[in-house]
Amino acid sequence: MIIRGLTKTYNGRCVVELPSMELNDGRIYAIVGTNGSGKSTMVKLLAGIEKPDTGRKPLDLNIGYMPQQSYAFRMNVLKNIMLNGDDAERAMVLSEKMGLTALLGKSAKTLSGGELARMALCRLLMKDYDVLFLDEPTAAMDIEATAKSEALIKDYQEKTGCTVFIVSHSLQQAKRMSDEVIFLSEGRLAERCPTNRLDAPETDEFRRFLEFYGS
Amino acid sequence: MQTALEKAIELIASGNAELINILNVTAIMTLSSSVLALLIGVPLGVFLGASRFPGRKALIVVNRTLMGMPPVVCGLIFYILFSGVGPFRAAHLLFTVKIMIIAQVVLITPIVAGTMEPYVEGICTTIKENTRGLGLGRGKSFFLLCNECVYQVFSSYLLGFSRSIAEVGCVAMVGGAISWKTNVMTTAIMEYTNKGSFSIGIALGLILLAIALLINILLSLIQRRASR
């Protein structure tokens with residue numbers, strides 16, 4: 001998979017500047033970096049949610065994207081999940097895996113933050129995509145729900161063979177989930193590193209990040 | 001005061017013909033103008049809230065200015081346009097219910113659009129991100145956005161309706177408050193108070209207050225329902 005280079009500027013300030021890069025299909029990439037490093041903007045650009053200032057649409061594939069802020073539409077949880085596909089059996093299986101079965105008939109507006117994130121993940125996984133972009137999918141979840149979500153994402157990736165990008169603030173989650181870590185700093189791709197080589201970062205910037213977040 | 005109140009209740013209970021006529025004219029003017037304002041204001045508000053184009057912010061400022069337009073200024077503009085010296089004098093609309101409806105539509109539409117716009121803007125980006133992220137088509141995304149706005153549409157309509165029914169300056173200028181023709185509740189209250197005939201004024205005031213109470217109850221129910 002080749003991602004075409006792109007840039008994005010807000011109010012004259014370049015927030016993302018990515019070079020063209022080649023990625024391997026069927027892998028899980030964790031995108032890490034400090035606040036304001038451009039992680040969310042990068043996935044929005046790659047997913048085609050926002051238009052880059054330069055470059056064309058970076059990927060011509062069937063893309064699924066879960067934003068940082070998931071939305072509960074004014075209908076029950078089951079209908080929300082089935083907005084993205086009419087396979088009721090798949091919806092039931094996903095709901096069960098995410099512990100949402102008891103909430104299916106409930107209005108989605110009444111869900112807590114963690115429940116909403118679980119519902120949004122189920123809704124996204126109703127379809128098979130070539131590439132998945134997940135922007136902090138477990139940020140609002142407790143430990144149990146996070147574990148269930150991670151298992152579900154991995155299971156989905158194995159079954160569909162899709163490429164997954166997960167934005168995360170948790171280095172532990174990146175280690176558990178990903179094959180490769182992409183480190184962003186001030187909108188630039190500062191380093192790419194296989195997850196099993198995180199003990200030997202190439203740049204000082206990434207080393208400092210790993211020391212701080214890994215502790 | 002007590003006698004006037006008793007007489008007012010008696011007028012309402014007996015279905016006084018003049019009172020019924022005033023209520024009828026008020027209902028025609030208020031319902032027509034608020035529905036027309038809804039039909040124009042809702043799409044306008046959704047467009048301003050959901051779209052991004054050069055000049056959008058200027059349009060929003062213009063709309064917010066119009067939301068606060070003094071009714072008498074609106075009445076004055078329509079009076080000049082449709083009076084004997086105005087460009088639309090041939091339409092012979094001055095002092096008719098039609099011109100009252102048109103003037104009210106001009107007054108209320110910015111209110112409907114102005115209450116829809118920030119609501120739509122508030123939810124639009126998140127909805128767009130979620131629906132695009134799922135790969136849903138534009139039609140389905142638009143339907144979902146509209147579905148989220150249903151209760152806001154009711155609220156905006158009721159705001160427009162309450163402004164229309166309580167308005168006096170504009171309708172008095174363009175309608176002339178002619179008895180049995182263009183006299184609505186608010187103008188009638190003024191007229192009868194000036195004449196010293198308080199009972200019919202109190203009767204109309206009681207009905208207006210009852211309608212205001214009903215609208216507030218409806219708004220509360222809508223807000224409670226929308227939050228569920």
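## Model and overall build

Helices here are DSSP runs of at least four residues and strands are DSSP runs of at least two, numbered from the N terminus. On that basis chain B has ten helices and zero strands. Read along the sequence, its pattern is α-α-α-α-α-α-α-α-α-α.

The model is predicted. It scores ipTM 0.90 and pTM 0.83. For chain B the mean pLDDT is 91, and 98% of the residues in this chain reach 70 or more.

The C-alpha trace of chain B spans about 65 × 45 × 25 Å along its principal axes. Chain B has 228 residues, of which 36% are buried. Among contacts in chain B with a separation of 6 or more, 78% are between residues 24 or more positions apart.

## Helix 7 and helix 10

In chain B, helix 7 covers residues 150-166 and helix 10 covers residues 198-226. The axes of these two helices come within 10 Å and cross at roughly 165°. Angles over 145 degrees count as roughly antiparallel, so helix 7 of chain B is roughly antiparallel to helix 10 of chain B. The crossing of the pair is left-handed.

Helix 7 of chain B contributes B:Tyr151, B:Phe154, B:Ser155, B:Leu158, B:Phe161, B:Ser162 and B:Ile165 to this contact. From helix 10 of chain B come B:Ile211, B:Ala212, B:Ile215, B:Leu218, B:Leu219, B:Ile222, B:Arg225 and B:Ala226. By class, the residues of the contact are twelve nonpolar, two polar and one charged.

## Helix 4 and helix 5

Helix 4 of chain B, residues 71-82, and helix 5 of chain B also have axes that come within 10 Å, and these cross at roughly 135°. Helix 4 and helix 5 of chain B are therefore oblique to each other. Their crossing is right-handed.

On the side of helix 4 of chain B, the residues in contact are B:Pro71, B:Cys74, B:Gly75, B:Phe78 and B:Phe82. They meet B:Ile99, B:Ala103, B:Val106 and B:Leu107 in helix 5 of chain B. This contact has eight nonpolar residues, one polar residue and no charged residues.

## Helix 9 and its surroundings

Helix 9 of chain B runs over residues 185-195, and its buried residues are B:Met185, B:Thr186, B:Thr187, B:Ala188, B:Ile189 and B:Tyr192. Which helices do the buried residues of helix 9 of chain B pack against? They pack against helix 2 (17-50), helix 7, helix 8 (169-175) and helix 10 of chain B.

Just after helix 9 of chain B comes B:Gly196, which takes a positive phi of about 85°.

## Contact with chain A

The contact between the two chains takes twelve residues from chain B and 18 residues from chain A. On the side of chain B that touches chain A, helix 5 (97-134) and helix 6 (138-148) of chain B are the elements that give two or more residues. The largest share, seven residues, comes from helix 5 of chain B.

By class, the side of chain B that touches chain A has three nonpolar, five polar and four charged residues.

Conventions: Residues are numbered from 1 along each chain as its sequence is written. Chains are lettered from A and ligands numbered from 1 in the order in which they are written. This is a predicted model: local features need pLDDT of at least 70, side-chain atom pairs count only at pLDDT 80 or more; totals for chains, interfaces and linings use all residues. pLDDT is the predictor's confidence in each residue, from 0 to 100. Axes are lines fitted to C-alpha atoms, for helices over the stretch in contact, and angles run from 0 to 180 degrees between N-to-C directions. Angles under 35 degrees count as roughly parallel, over 145 as roughly antiparallel, 65 to 115 as roughly perpendicular and the rest as oblique. A crossing is left-handed if the near helix is turned anticlockwise from the far one by less than a right angle, and right-handed if clockwise. Two residues are in contact if their C-beta atoms, placed from the backbone, lie within 7 Å. Ala, Val, Leu, Ile, Met, Phe, Trp, Tyr, Cys and Pro count as nonpolar, Asp, Glu, Lys and Arg as charged, and the others, Gly among them, as polar. A residue is buried if 20 or more other C-beta atoms lie within 10 Å of its own, exposed if 12 or fewer, and partly exposed in between; C-beta atoms are placed from the backbone.
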